[in-house]
Amino acid sequence: MGYPAVRLRRLRRTPWLRETLRETRIVPQRLFLPIFLDPALSREEPIAAMPGQFRYPLEQADAIVRRAEKARLGGLLLFGRPERKREDGAGAWDPRGVIPRFLRRHSGTTSLTLIADVCLCAYTRSGQCGLGKGGRVDNDTTLSALSRTAVAYASAGADWVAPSAMADGQVSALRAGLDGAGFKDTAILSYGLKSASALYEPFREAEDSAPEVGDRKGYQMDYANAREGLRELALDVEEGADALMVKPGLTQLDLLWRARERFSHPLAAYHVSGEYAQVKAAAEKGWVTEERLVPEILTAFFRAGADIVFTYHALEAVEKGWL
Ligand code: PBG
Ligand code: ZN
């Protein structure tokens, strides 16, 4: 049966009806806010390419924690910077580093799930996500550094650790390290499907983590490769990942959907810095209406199968009632 007996417009007649029948809803608790911590600052500092986002010194981040709790976000994704970059990235696992200090300060007292990003790019002089010389990254020496870093964060109170270095075997290395140190309850969210993307540029400004030479294509995936992306995720599942992530977001919604069909794990999408910057720039020009665009984008992630979404819009969208 079709038109004229069938008229889909009947069910779109009133705002109440449309709201009643809405298939996908955004719950604040499914949103996670990424934040940047910088021990060298005495007060918060705006990130130019990410309007509305800041680098926070430890104490100044307290206010963000309170706001995220009040907004009932699911949690925070933590990125740090060292006092000083080093060849071996040792600032990443230094227990006096800004991430362990933040974790000790808030874990156990906040309802938020605290997720620590585990990578070396903000900590190495090379700006690469792993260790090596001349722009080359040695996978296997990187693994022990990542595992050490994850253990440092877990012992400071991280609920989850999220390895983003795209090292082969990083999930099993972290699981072994965590279990060996007695952190059997610390979960691993794998950034399994992470493509080399032009959309990370504002983040690299925020973190001062751009590679000195070359790029990250030797370890991050080619965004053209869907089947390879699914292999990445399947390997992370085998290695014991508790949850999976697809990153970046909108440009890979097809992969998110395919991951949803294939795996039963909790699935995260990352609406990354460049995507945030695009929205902010167009909104500043008055070319798009942010409060309509942001919910549309976030809904797309959930409709495509995400259980949680990492987004810099999280706090503003909830506080301003955009969702
Ligand atoms: C570091 C890391 C990056 C992002 C998350 N973790 C940048 C990169 O790989 O260069 C990007 C997040 C964003 O752009 O918002 N491994
Ligand atoms: Zn990195």
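## Zinc site, ligand surroundings and selected residues

In sequence, the donor residues of the zinc ion (ligand 2) follow the spacing C-x1-C-x7-C, where donors are N, O and S atoms within 2.8 Å of the metal (3.2 Å for Na, K and Ca), and water is not among the atoms, so sites may look incomplete. This is a predicted model, in which local features need pLDDT of at least 70 and side-chain atom pairs count only at pLDDT 80 or more, while totals for chains, interfaces and linings use all residues. Residues are numbered from 1 along each chain as its sequence is written, chains are lettered from A and ligands numbered from 1 in the order in which they are written, and side-chain values use heavy atoms, with hydrogens and water left out.

The zinc ion (ligand 2) is coordinated through the SG atoms of Cys 119, Cys 121 and Cys 129, at 2.2 to 2.3 Å. The angles among the four donor atoms of this zinc ion run from 95 to 119°, and the site is tetrahedral, a label given to four donors if all angles lie between 85 and 135 degrees. Cys 119 and Cys 121 are both buried, a term that means under 20% relative accessible area, with exposed meaning over 50% and partly exposed in between (1.4 Å probe, protein chains only). Cys 121 counts as buried because its relative accessible area is 9%, and Cys 129 is buried too, at 2% relative accessibility. A disulfide is a pair of cysteine sulfur atoms within 2.5 Å, and by this rule the count is zero.

Thr 124 belongs to the loop between S5 and H4; helices (H or I, at least four residues) and strands (E, at least two) are DSSP runs, numbered from the N terminus. With a relative accessible area of 1%, Thr 124 is buried. Apart from neighbours within four places in sequence, Thr 124 is in contact (heavy atoms within 4.5 Å) with Lys 85, Arg 86, Glu 87, Gly 89, Gly 130 and Leu 131.

Helix H3 (residues 98-106) has as its buried residues Val 98, Ile 99, Pro 100, Phe 102, Leu 103 and His 106. These buried residues of H3 pack against strand S1 (31-37), helix H2 (61-70), strand S4 (75-80), strand S5 (113-118) and helix H4 (139-156). His 106, which has its place in helix H3, is buried because its relative accessible area is 3%. Not counting residues up to four places away in sequence, His 106 touches Asp 62, Val 65, Arg 66 and Leu 114. After H3 comes Gly 108, whose phi is positive, near 90°.

Ligand 1 is surrounded by 18 residues, of which the closest are Arg 204, Gln 220, Lys 247, Ser 273 and Tyr 312; a residue is near a molecule or strand if one of its heavy atoms lies within 4 Å of it. The table lists polar contacts, each a pair of N or O atoms within 3.5 Å; within protein, one must be able to donate a hydrogen and the other to accept it, and residues adjacent in sequence count only if both atoms are side-chain atoms.

| Side chain | Atom of ligand 1 | Distance |
|---|---|---|
| Ser 164 | nitrogen | 3.0 Å |
| Lys 194 | oxygen | 2.8 Å |
| Arg 216 | oxygen | 2.9 Å |

Glu 239 is placed in the loop between helix H7 (226-238) and strand S8 (243-247). Leaving aside neighbours within four places in sequence, Glu 239 is in contact with Gly 169, Gln 170, Val 171, Ser 172 and Arg 175, and the side chain of Glu 239 reaches the backbone nitrogen of Ser 172 at 2.9 Å. The C-alpha atoms of Glu 239 and Tyr 200, which are 39 residues apart along the chain, are separated by 26 Å.

Conventions. Four donors count as tetrahedral if all angles lie between 85 and 135 degrees; four count as square planar and six as octahedral if opposite donors are over 155 degrees apart and all others between 65 and 115; anything else is irregular.
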